[in-house]
Amino acid sequence: MLRIPKTKVQHFFDAAVPPAAYAASGDTVTFCCQDCYNDQIDREEIDLRVLHIPYYNPVTGPLYINDAHPGDVLKVEILQIRLPEYGVMSVRDGTGSYRMEGSYTRLFPIEDNEICFDAGIRLPVCPMIGTIGTAPAQGTVISETPGEHGGNLDIKDLGEGVTLYLPVAVEGALLSMGDIHALQGDGETAICGLETAGEITVRVTVCRPDSYIPTPFIVTKDSYLTTAADASLDKASIAAARKMHRFLQEYSPLNDKQCAMLLSLQGDLRISQIVNPAKGCVLQFPKGIAGEQFDL
Ligand code: CA
Ligand code: CA
């Protein structure tokens with residue numbers, strides 16, 4: 001199986017970044033990832049402010065997928081996320097949502113799939129990919145922000161067994177990912193999940209759908225999730241909701257008014273994160289209740 005080593009990292013989604021590896025549609029690939037601090041924090045005494053890290057959030061890749069052309073959709077099945085034996089969190093006043101004095105950096109051990117938090121608190125891990133995306137059609141998008149290309153989505157649902165659909169805007173798609181979290185709540189309110197290095201194994205498949213797919217689009221065991229990001233949470237929330245409205249009209253027998261009503265009854269609008277340059281929302285809707293036909 002193809003493995004991309006964690007030395008093959010960069011901090012941009014950009015068609016000008018040379019591919020780190022090549023794959024065919026249907027291949028299974030493992031991305032070996034640094035943590036969001038570029039693997040620079042291995043002691044709790046390290047002060048982030050003196051590390052002089054020019055960019056956070058390294059992503060491994062990009063992977064060039066043969067026969068992926070602009071206008072296609074890339075299906076990324078998240079098969080496995082392997083965590084190391086600890087994760088890092090670092091908080092201080094002025095980052096994230098909370099007021100606090102000073103700074104606090106912790107390396108929390110991960111034992112038996114549980115996080116050994118402070119004060120005897122143990123939390124089951126729920127591994128997820130924080131940052132995953134394809135290259136945009138033009139220009140550069142820094143890996144710290146989310147957008148229509150994916151990027152720093154920080155959506156806690158992006159774990160094992162989940163499928164993510166991303167746009168293909170350039171030849172080869174140029175898929176990159178990193179920023180693994182062992183656990184993260186909706187909002188990521190203190191600016192970090194339990195940040196870890198690790199290995200992500202995915203299957204990549206090029207799709208040429210006849211109908212609209214609201215990328216970046218997430219399909220879990222029991223839900224569909226549309227996503228949107230904007231500096232304004234108001235705008236992000238409406239954009240995520242409207243994407244699901246259009247998805248239901250495309251794939252169910254219901255009309256626009258019926259879809260709106262059903263979304264108001266059974267759709268859950270959630271804030272995925274409020275700490276990145278563009279904030280994120282998802283509209284989560286249960287599978288199988290709208291008579292929808294989506295089997296891509
Ligand atoms: Ca992140
Ligand atoms: Ca992170």
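These legends describe close-up views of a predicted model.

**View 1. Asn152 sits in a loop between two strands.** The loop runs between strand 15 (150-151) and strand 16 (163-167). Is Asn152 buried or exposed? Asn152 has 4% relative accessibility. The cut-off for buried is under 20%, so Asn152 counts as buried. Leaving aside neighbours within four places in sequence, Asn152 is in contact with residues from several stretches of the chain numbering, including Asn57, Gly130, Ser143, Asp179 and Asn276. Glu144, Thr145 and Pro146 are also among the contacts of Asn152.

**View 2. Protein atoms hold donor positions around the calcium ion (ligand 1).** Asn152 lies in the loop between strand 15 and strand 16, while Asp179 lies in strand 17 (residues 175-181), so the pair ties together parts that are 27 residues apart in sequence. Both Asn152 and Asp179 are buried.

**View 3. Asp179 bridges two calcium ions.** Asp179 links the calcium ion (ligand 1) with the calcium ion (ligand 2). How far apart do the two ions lie? They are 3.2 Å apart.

**View 4. The largest cavity lies between two domains.** The model has three cavities of 30 Å³ or more. The largest cavity holds about 70 Å³ of space. Its lining has 14 residues. Nearest its centre are Pro146, Leu153, Thr227, Ala228 and Ala229. Strand 14 (146-147), strand 21 (223-230), strand 22 (268-273) and strand 23 (279-286) each supply at least two lining residues. By class, the lining of the largest cavity has eight nonpolar residues, five polar and one charged. Why does this cavity lie between domains? Domain 1 (2-207) and domain 2 (217-286) both give residues to its lining, so the largest cavity lies between them.

**View 5. The second largest cavity has a volume of about 40 Å³.** Its lining includes Ile46, Asp47, Leu48 and Arg49. Ser90, Val91 and Arg92 also line this cavity, as do Ser103 and Thr105. Helix 1 (48-51), strand 8 (86-92) and strand 9 (103-111) each give two or more residues to the lining of the second largest cavity. Strand 8 gives the most, with three residues. The lining has three nonpolar, three polar and three charged residues.

**View 6. The largest pocket has a volume of about 400 Å³.** It is lined by 20 residues. Closest to its centre are Cys36, Tyr37, Tyr56, Glu144 and Ile191. Strand 8 and strand 17 each give two or more residues to the lining of the largest pocket. That lining divides into eight nonpolar, six polar and six charged residues. Domain 1 (2-207) and domain 2 (217-286) both contribute to the lining, so the largest pocket lies between them.

**View 7. The second largest pocket has a volume of about 330 Å³.** Which residues lie closest to its centre? Of the 20 lining residues, they are Met89, Phe117, Cys192, Gly193 and Leu194. Strand 8 and strand 9 each give two or more residues to the lining of the second largest pocket. By class, its lining has 11 nonpolar, five polar and four charged residues.

Note on methods: Residues are numbered from 1 along each chain as its sequence is written. Chains are lettered from A and ligands numbered from 1 in the order in which they are written. This is a predicted model: local features need pLDDT of at least 70, side-chain atom pairs count only at pLDDT 80 or more; totals for chains, interfaces and linings use all residues. Side-chain values use heavy atoms; hydrogens and water are left out. Helices (H or I, at least four residues) and strands (E, at least two) are DSSP runs, numbered from the N terminus. Buried means under 20% relative accessible area, exposed over 50%, partly exposed in between (1.4 Å probe, protein chains only). Contact means heavy atoms within 4.5 Å. Donors are N, O and S atoms within 2.8 Å of the metal (3.2 Å for Na, K and Ca); water is not among the atoms, so sites may look incomplete. On a 1 Å grid over the protein atoms alone, a cavity is a set of points where a 1.4 Å probe fits but cannot get out, and a pocket is an open set with protein on both sides within 12 Å along at least five of seven lines; lining residues have an atom within 4 Å of a point. Grid points are joined across faces, edges and corners, and a volume is the space filled by probe spheres set on the points. Ala, Val, Leu, Ile, Met, Phe, Trp, Tyr, Cys and Pro count as nonpolar, Asp, Glu, Lys and Arg as charged, and the others, Gly among them, as polar. Domain bounds come from an automatic or database domain assignment.
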